[in-house]
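Please look through the structure shown below before reading on. The report that follows takes up charged pairs and then nonpolar cores.

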Amino acid sequence: MVAPQPQELSILVVTWNSERWIDRCLASIPAACGDLEHEIIVYDNASSDGTLRIVSGREDLLIRSDNNDGFGVATNRAFQRSSGRYVFLLNPDCELEPGALKLVHDFLEAHPNAAAAAPLLADDDGGSQREFQLRRLPTYWSFAFEIFAIGRFFPRATARHRYRDLDLSHPQRVEQPAGAALMIRREVLDEIGPFDEQFSPAWFEDVDYCARLAAAGKEVWVVPAAAARHVGGASLEHLSFARFQELWYRNMWRYAQKWLSAGEAEALRWTIIAGMAVRVAAALVGAAHRDIGPIRAARAYASVLRKAFHRWRESP
């Protein structure tokens, strides 16, 4: 039996109840690749909807898990089965524009110092997602501003962290593009190693990986001419508000423990506690999350407060 030939590009898509989005995601890939030889590897995290029916026959390899292994674990396992010189991480709620992957690939080919590059994301209606996608690596203060929603009231306080002054008329070096759509050289992935699975099932594993790239002196770029539409928050459809809050702040603290000083990580824990107390009060007086109700919101924030106080020892 002849072994399959290595591809130029491996596209890794992690799905979990992605029925609403996966069809258009997969349909956009051929035109986005142009003449690039590519393979599509789908890792399904035990979807219970019609995801597998839609995916079947449209991928080169389908890996089915019996459990929801999370983004990092799924990406690591899919990468182990891939062969491409370049690996592209693609969320199922992304739709690539024609030529997008070819443009990112050609940029990396022309810039050997660039370890990874991303297309520029837009909302489903074409609006900019730059503040979601492009950020500097977190610091204690950027976390604190997020916890207390400082940027909502004083936008200038978060302008630098969110690259608001970045000229996107041409490729730019950035610290932390979102992992929703990111192309990485295979040799870089081999050198840096797999995604850190402590952040499972989701959130901050891509931030952590960008921090690891930066620590190794690797460059990451955004290529604005390469475009993609990203729904955003698709996975939140299948998580309760309380569960998302728990995972987000738990993994925020895990990131801080790994990358900030011990004093900053401990300060962040107490900042989360204080921030959750403020959010409980805001929810109860109807100043936040009217869509889910004040009691549900207050309980969710109170649960995070309690778990932060106990250093998340009760969390899996």
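A salt bridge is counted here when a side-chain nitrogen of Lys or Arg is within 4 Å of a carboxyl oxygen of Asp or Glu. In this predicted model, Glu-19 and Arg-53 form such a salt bridge, with their closest N and O atoms 3.4 Å apart. The pair links distant parts of the chain, since Glu-19 is in the loop between β1 and α1 while Arg-53 is in helix α2, 34 residues apart. Glu-19 is partly exposed, with a relative accessible area of 34%, whereas Arg-53 is exposed at 60%.

By this rule the count comes to 20 salt bridges. Another of them joins the side chains of Arg-85 and Glu-8, at 2.4 Å from N to O. Arg-85 lies in the loop between α3 and β4 and Glu-8 in the segment before β1, so this pair ties together parts that are 77 residues apart in sequence.

## A buried aspartate in a network

Asp-208 lies in helix α9 and counts as buried, because its relative accessibility is 0%. Salt bridges link Asp-208 in a network with Asp-196, Arg-212 and Lys-258. Leaving aside neighbours within four places in sequence, the contacts of Asp-208 include Phe-199, Tyr-255 and Trp-259.

## Nonpolar cores

The largest nonpolar core has 37 residues, and Tyr-255 and Ile-272 are among those that touch the most other members. Helices α6, α9, α10, α11 and α12 each supply at least two residues of this core, and α10 gives the most, with 9 residues. Apart from this core lies another, of 35 residues, including Ile-22 and Leu-96.

Conventions:
Residues numbered from 1 in each chain as written. Predicted model: local features only at pLDDT ≥ 70, side-chain atom pairs only at ≥ 80, totals over all residues. Heavy atoms only, no water. Helix = DSSP H or I, 4+ residues; strand = E, 2+ residues; numbered from the N terminus. Buried < 20%, exposed > 50% of the residue type's maximum accessible area, 1.4 Å probe, protein only. Contact = heavy atoms within 4.5 Å. Core = buried A, V, L, I, M, F, W, Y, C linked by side-chain atoms within 4.5 Å.
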